[in-house]
Amino acid sequence: RKKSSSGRNYYDSWRAAVRRVIMNGGSMRRIWGFGRMWASASKGDIWLLGVCYQVFHEGDDSSDPTQSEGFAAFVEDLSSRIWITYRRGFLPIENSKYCSDANWGCMLRSSQMLVAQAFLFHKLGRSWRKTSNQPHEYIEILQLFGDSEESPCSIHNLLQVGKAYGLAPGSWVGPYAMCRAWECLMRYTDCGFLTSMMTLYVVSGDGDGERGGAPVLCVEDVSRRCSEFGRGQDNWAPVLLLVPLVLGLEKVNPRYLPLLSATFTFPQSLGILGGRPGVSTYIIGIQDEKAYYLDPHEVQQVVDMKKGDIDIDFSSYHCNVVRNMPLDSIDSSLAIGFYCRGKREFDDFCIRASELIEQSNGAPLFTVSKAGDEKRGIRMDDDDDDEGALPENCENEDEWQLL
């Protein structure tokens, strides 16, 4: 691992170099090589998963916002997000021939990125940035996403639990089915580290998640879920909220675009699982009409995630390339993620969501209701004899109550 001569870690030295380039009138392109990935230099604020970066100030000498300290801080944040891509060279998935997910696993990888950020925020906080010496919590999180059955959040295990929702090796899957697969995995896995972190709640208001309409977040249902996760203790459990949506026919209806942009200003924001039609990405930021994203469509060699090995090279799990696309070009089928550490954060999220509903002119992304019935797609029996197994309902068609 690299160290500077003064004992500071390599990352601190790198940041100092970035600042020197900026202050001396150099370009960020010298460091990042934006090229075509940075098509224009917008001066609007960038919102990245609930954090605002002001890249232009009145009176700035430079007309290029990419040379500002605000933009450097944005890139620092972006490159600290966990980036998960296609891999090759892993053991075959179940009895299939697939030793790589290239050309078909982008939705799986995008969803892994969203969930990985939730785990990262939970264990290390939103302000954490990658360094040359990673804490053990970081290593534990990445080992959850290795490419083998031994890693609880691997595509191997997601495909296994998601069979009832159409997940299969070599097949593309939509955001709704992906959210339900994660629900099965996180609520019924036997991995103590995974199940001890947080509960997961899918906000969905219709029978199959693909008919459109505004789903309903029921506060009582979330409260019940958190209480069951904490086994009745007073502490409110951390919760990962996934909101699958259909916001148009092929493209997102323009009336929803300001609402989608506004979700990135929520401190609880985990971004959007989606992308262009048939090409899934993980959208993590917004600036004016541009969406910033992490792209899973790069095939990399599998990393051997040996438990307890602190010398694993995790450099392929971070991306230094800034990519953006027009927000109005994204697929209308998508899912939004939010992470609430406790009840105070959840209450704040509900207030922000309610304010967003008031601004929606009768077409909200989702609604918030205080009371309601727990959706019945997955049974929650406390006296289940086989605690580590998936319940019968995970293998059958869902029966949802309309809210």
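Guide: Here is a short tour of the cores, rings, salt bridges and cysteines.
Guide: This is a predicted model, where local features need pLDDT of at least 70, side-chain atom pairs count only at pLDDT 80 or more, and totals for chains, interfaces and linings use all residues. Residues are numbered from 1 along each chain as its sequence is written, and side-chain values use heavy atoms, with hydrogens and water left out.

Visitor: Okay, which residues touch the most other members in the largest nonpolar core?
Guide: Those are F74, F119, F145, L167, M178, W182 and L240, in a core of 70 residues. A nonpolar core here is a set of buried Ala, Val, Leu, Ile, Met, Phe, Trp, Tyr and Cys residues joined through side-chain atoms within 4.5 Å. Buried means under 20% relative accessible area, exposed over 50%, partly exposed in between (1.4 Å probe, protein chains only).

Visitor: And which helix gives the most to this core?
Guide: Helix α4, residues 106-124, with 10 residues. Helices (H or I, at least four residues) and strands (E, at least two) are DSSP runs, numbered from the N terminus. There's also a second, separate core of 41 residues, which includes V222, Y256, L257 and C350.

Visitor: What is L240 in contact with?
Guide: Leaving aside neighbours within four places in sequence, L240 is in contact with L114, V115, A118, M186, M198, T199, L200, Y201, L270 and F338. Contact means heavy atoms within 4.5 Å.

Visitor: F338 is an aromatic, so which cluster is that one in?
Guide: F338 forms one aromatic cluster with W236, F266, F346, F349 and F366. The whole structure has 16 aromatic pairs. Rings of Phe, Tyr and Trp (its six-membered ring) pair if their centres lie within 6.5 Å; planes under 30 degrees apart count as stacked, over 60 as edge-to-face and the rest as tilted.

Visitor: Which ring does the charged end of R87 sit over?
Guide: The ring of Y317, 4.5 Å from its centre. K43 likewise lies over the face of F56, at 4.5 Å from the ring centre. The rule is NZ of Lys or CZ of Arg within 6 Å of the ring centre and within 35 degrees of the ring normal.

Visitor: Switching topic: how many salt bridges are there?
Guide: The search finds 13, each a side-chain nitrogen of Lys or Arg within 4 Å of a carboxyl oxygen of Asp or Glu. D77 pairs with R129, the closest N and O atoms being 3.3 Å apart. That one links distant parts of the chain, 52 residues apart, with D77 in helix α3 and R129 in the loop between α4 and α5.

Visitor: Are D77 and R129 buried or exposed?
Guide: Both are buried. They also belong to a salt-bridge network with E76, R81 and R126. Helix α3 itself, residues 69-78, has 9 of its 10 residues buried.

Visitor: Last one: how many disulfides?
Guide: The count is 0, with a disulfide taken as a pair of cysteine sulfur atoms within 2.5 Å. For C226, the nearest cysteine sulfur is that of C340, 8.5 Å away. For C340, the nearest is that of C350, 7.3 Å away.
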